[in-house]
Amino acid sequence: MTSPTRHQAEALAGRLPPLLVAAERVAATVVQGVHGRRRVGSGDSFWQFRPYAAGDSATRIDWRQTAKSERAYIRENEWEAAQSVWLWPDRSASMGWRSSNKLPLKSERAALLTLALAALLIRGGERIALLGESRPPAQGRAVLERLALSLGRPAPGDALPEPVPLPRHASLVLVSDFLGPLDALRSLVASFAARGLRGHLLQVLDPAEETLPFEGRIRFEGLEREPSTLISRVETVRDQYLARLAAQRDGLAAIGRSYGWSFGIHRTDHPPHTALLALYGVMSGLPERGRLAPAEASGAA
């Protein structure tokens, strides 16, 4: 490569968000041997009008609806919306934690997995969007770069998304630590499942949250305005803590089973491509990867 060309390439790469570079590297690890998603959806019934966006074909403009306002509108049918995937990584304060500087924050790993999944879905021809943003699902490299910029910006949010209306038979992926009340999550999943959405829950935890390896006198500080808790000997409450964590996971798995959603677990000290492969496999309906089991998703042997 000539020097000017090399400099141009380096300058171009330098403008890419680091998160996007990392996500595409993870996606590339998974993409070999993975088949495209089996798309679902039925009929061509009307779903909604949405504003015309850059990249849309002018032939898709609904001129009758457009004539009623000063903006151009696209008519979306249900079968189109059914080929869309909404992604939501938890960006609440509790996700901004890690037990070691050698590990990523939970929010960083959630964003990486979300963007890497988006890269795989776009390769398979899917349209994607971030849940909670106003932009409609779309395809292409520009969408991926926009998602990377959005996920790379600090934007603390709620522990769960709002139950906004989405088209029937679309897919939804929620990535969080899911350590909050189960009733709130159950209500959210029920509202989405009632519209026929296929969903996937991926729990991202720091290894210390799975094992509680601390010893002696420790003060635990809350990240979301919870009161601090001082424990004189942490080792004496470890078994109780692990039992509560197991009960939380059992509850998450039960919510998934109740509504036909998948549930998986990933630890931030495990390779991200392992969780991505399991998640993409269960979304694709692949028989050899069609079960997002805790050990499979976390990278455990």
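A pocket, as I use the word here, is an open set of grid points with protein on both sides within 12 Å along at least five of seven lines, and its lining residues have an atom within 4 Å of a point. I keep in mind that this is a predicted model.

**Entry 1: the largest pocket**

I started with the empty space. Rolling a probe the size of a water molecule over the atoms shows where such space is left. The largest pocket came out at a volume of about 1400 Å³. I found 40 residues lining this pocket, and Leu179, Glu209, Phe220, Glu226 and Tyr241 are the closest to its centre.

Which element gives the most to the lining of the largest pocket? I looked it up: helix 9 does, with six residues. Helix 9 runs over 238-259. At least two lining residues each also come from helix 7 (182-193), helix 8 (207-211), strand 7 (218-220) and strand 8 (229-231). I then sorted the lining by class and got 22 nonpolar, nine polar and nine charged residues.

**Entry 2: helix 5**

Next I turned to helix 5, residues 106-123. Its 18 residues reach 26 Å from first C-alpha to last, close to the 26 Å expected at 1.5 Å a residue. Is helix 5 largely enclosed or open? I count 15 of its 18 residues as buried, so helix 5 is largely enclosed by the rest of the structure. Just after helix 5, I noted that glycine 125 takes a positive phi of about 90°.

**Entry 3: alanine 23**

I picked alanine 23, which sits in helix 2 (residues 18-31). Its relative accessibility is 1%, so I log alanine 23 as buried, the cut-off being under 20%. What does alanine 23 touch, leaving out residues up to four places away in sequence? I find Leu112, Leu115 and Ala116. I also checked alanine 23 against arginine 109: they are 86 residues apart in sequence, and their C-alpha atoms are 10.0 Å apart in space.

**Entry 4: helix 6**

Last, I looked at helix 6 (residues 141-152), where 12 residues at 1.5 Å each should span 16 Å; the end C-alpha atoms are 16 Å apart, so the two agree. Which residues of helix 6 are buried? My list reads Val143, Leu144, Leu147, Ala148, Ser150 and Leu151. They cover an arc of only 165° around the axis, so I place them on the same side of helix 6. On the face turned away from the buried side of helix 6, I see the exposed residues Ala142 and Gly152.

Key. Residues are numbered from 1 along each chain as its sequence is written. This is a predicted model: local features need pLDDT of at least 70, side-chain atom pairs count only at pLDDT 80 or more; totals for chains, interfaces and linings use all residues. Side-chain values use heavy atoms; hydrogens and water are left out. Helices (H or I, at least four residues) and strands (E, at least two) are DSSP runs, numbered from the N terminus. Buried means under 20% relative accessible area, exposed over 50%, partly exposed in between (1.4 Å probe, protein chains only). Contact means heavy atoms within 4.5 Å. On a 1 Å grid over the protein atoms alone, a cavity is a set of points where a 1.4 Å probe fits but cannot get out, and a pocket is an open set with protein on both sides within 12 Å along at least five of seven lines; lining residues have an atom within 4 Å of a point. Grid points are joined across faces, edges and corners, and a volume is the space filled by probe spheres set on the points. Ala, Val, Leu, Ile, Met, Phe, Trp, Tyr, Cys and Pro count as nonpolar, Asp, Glu, Lys and Arg as charged, and the others, Gly among them, as polar. The expected span of a helix is 1.5 Å times one less than its number of residues. The arc is that of the directions from the helix axis to the C-beta atoms.
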